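Please read the following report alongside the sequence and the model. The overall make-up comes before the individual contacts.

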Amino acid sequence: MEENVTQYWIVVNRTHAGPYTVEQLKELGIARDTYAWHRGLPQWVAASEIPELAAALWPAEAEAFATETAAEPVRLTPPVPPAPARSMAAMAAPAPAPQAVAVEAPEGEECPPTYLWWAIVVTVLFSLPFGVVAIVFAGQVKKQWRDGDFAGARRSAERVFWFSIIGFVTGLMMMPFQIVALLL
């Protein structure tokens, strides 16, 4: 796929789907009020409010809309889509299974280590408070990586590492005091 082709994400059954090209969206036959987003838009909007989509999908209505995104900062990740209004009948009906959106990791990168076993050892043997915090961050690493938050996953892995080290050192420093307390 060419790099200069704009890719669009849409909301299908209350989950993100995409990226799609204009041609793929034509094949899908999306509705005018389907929420859509592409890099550069500050928020999710109805697909008919994106001029290039409106021109390609609904040519008669294309000239009726103009964008005002030039003053907005460029976003690299899609914002959270607004919750669609639902009728009482739609609320009673079971929701269809959500479709997963594939997010690819940066080339050559793997999920950072969770250091979970370090956190557990520190919790059990050295420092309960620092160890528990490390375990919480360890539990976030893989989830953030799967969700496409690669920087967040690296940050969480680094925090597990440092909380484990701090807990280990703190536990070693407190050990003489604990021994003295046991002997008294």
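This is a predicted model: local features need pLDDT of at least 70, side-chain atom pairs count only at pLDDT 80 or more; totals for chains, interfaces and linings use all residues.

## Burial and overall make-up

Residues are numbered from 1 along each chain as its sequence is written, and side-chain values use heavy atoms, with hydrogens and water left out.

The chain has six helices and four strands, where helices (H or I, at least four residues) and strands (E, at least two) are DSSP runs numbered from the N terminus. Along the sequence these elements follow the pattern β-β-α-β-β-α-α-α-α-α. Taking contact to mean heavy atoms within 4.5 Å, and looking at contacts between residues at least 6 apart in sequence, 60% join residues at least 24 apart.

## The largest nonpolar core

In soluble globular proteins, nonpolar side chains tend to be buried together. A nonpolar core is here a set of buried Ala, Val, Leu, Ile, Met, Phe, Trp, Tyr and Cys residues joined through side-chain atoms within 4.5 Å. The largest such core has 20 residues, and those with the most contacts inside it are Ile10, Leu25, Ile30, Ile50 and Leu53. At least two residues of this core come from each of strand 1 (8–12), strand 2 (15–20), helix 1 (22–28), strand 3 (35–37) and helix 2 (51–57), and strand 1 gives the most, with four residues.

When residues up to four places away in sequence are not counted, Leu25 touches Tyr8, Ile10, Tyr20, Ile30, Leu53 and Leu57.

## Helix 4 against helix 5

Two packed helices are described by the angle between their axes and the distance between the axes. Axes are lines fitted to C-alpha atoms, for helices over the stretch in contact, and angles run from 0 to 180 degrees between N-to-C directions. For helix 4 (residues 116–126) and helix 5 (residues 128–146), the axes come within 7 Å and cross at roughly 160°. These two helices are therefore roughly antiparallel to each other, on a scale where angles under 35 degrees count as roughly parallel, over 145 as roughly antiparallel, 65 to 115 as roughly perpendicular and the rest as oblique.

Helix 4 passes helix 5 in a left-handed crossing, that is, one in which the near helix is turned anticlockwise from the far one by less than a right angle (clockwise would be right-handed). On the helix 4 side, Leu116, Ala119, Ile120, Val122, Thr123 and Phe126 meet Leu128, Gly131, Val132, Ala134, Ile135 and Ala138 of helix 5. The residues of this contact divide into 10 nonpolar, two polar and no charged; Ala, Val, Leu, Ile, Met, Phe, Trp, Tyr, Cys and Pro count as nonpolar, Asp, Glu, Lys and Arg as charged, and the others, Gly among them, as polar.

## Helix 6 and its two partners

The axes of helix 4 and helix 6 (residues 150–183) come within 9 Å and cross at roughly 20°, which makes helix 4 roughly parallel to helix 6. Helix 4 passes helix 6 in a left-handed crossing. From helix 4 the contact takes Trp118, Ala119, Val122 and Phe126, and from helix 6 a set of residues including Val160, Phe161, Ser164 and Met175. By class, this contact has 10 nonpolar, three polar and no charged residues.

For helix 5 and helix 6, the axes come within 8 Å and cross at roughly 160°, which makes this pair roughly antiparallel. Helix 5 also passes helix 6 in a left-handed crossing, and the contact residues divide into 13 nonpolar, seven polar and two charged.

Val160, found in helix 6, is buried, with a relative accessible area of 0%. Leaving out residues up to four places away in sequence, Val160 touches Thr114, Tyr115, Ala119, Ala134, Phe137 and Ala138. The C-alpha atoms of Val160 and Val132, 28 residues apart along the chain, are separated by 9.8 Å.

Thr114 lies in the loop between helix 3 (88–92) and helix 4 and is buried, with a relative accessible area of 19%. With the neighbours up to four places away in sequence again left out, Thr114 touches Ala138, Val141, Lys142 and Val160. Tyr115 also has its place in the loop between helix 3 and helix 4, but counts as partly exposed at 25% relative accessibility. Phi of Tyr115 is near 55°, a positive value in a residue other than glycine.

Technical notes
Buried means under 20% relative accessible area, exposed over 50%, partly exposed in between (1.4 Å probe, protein chains only).
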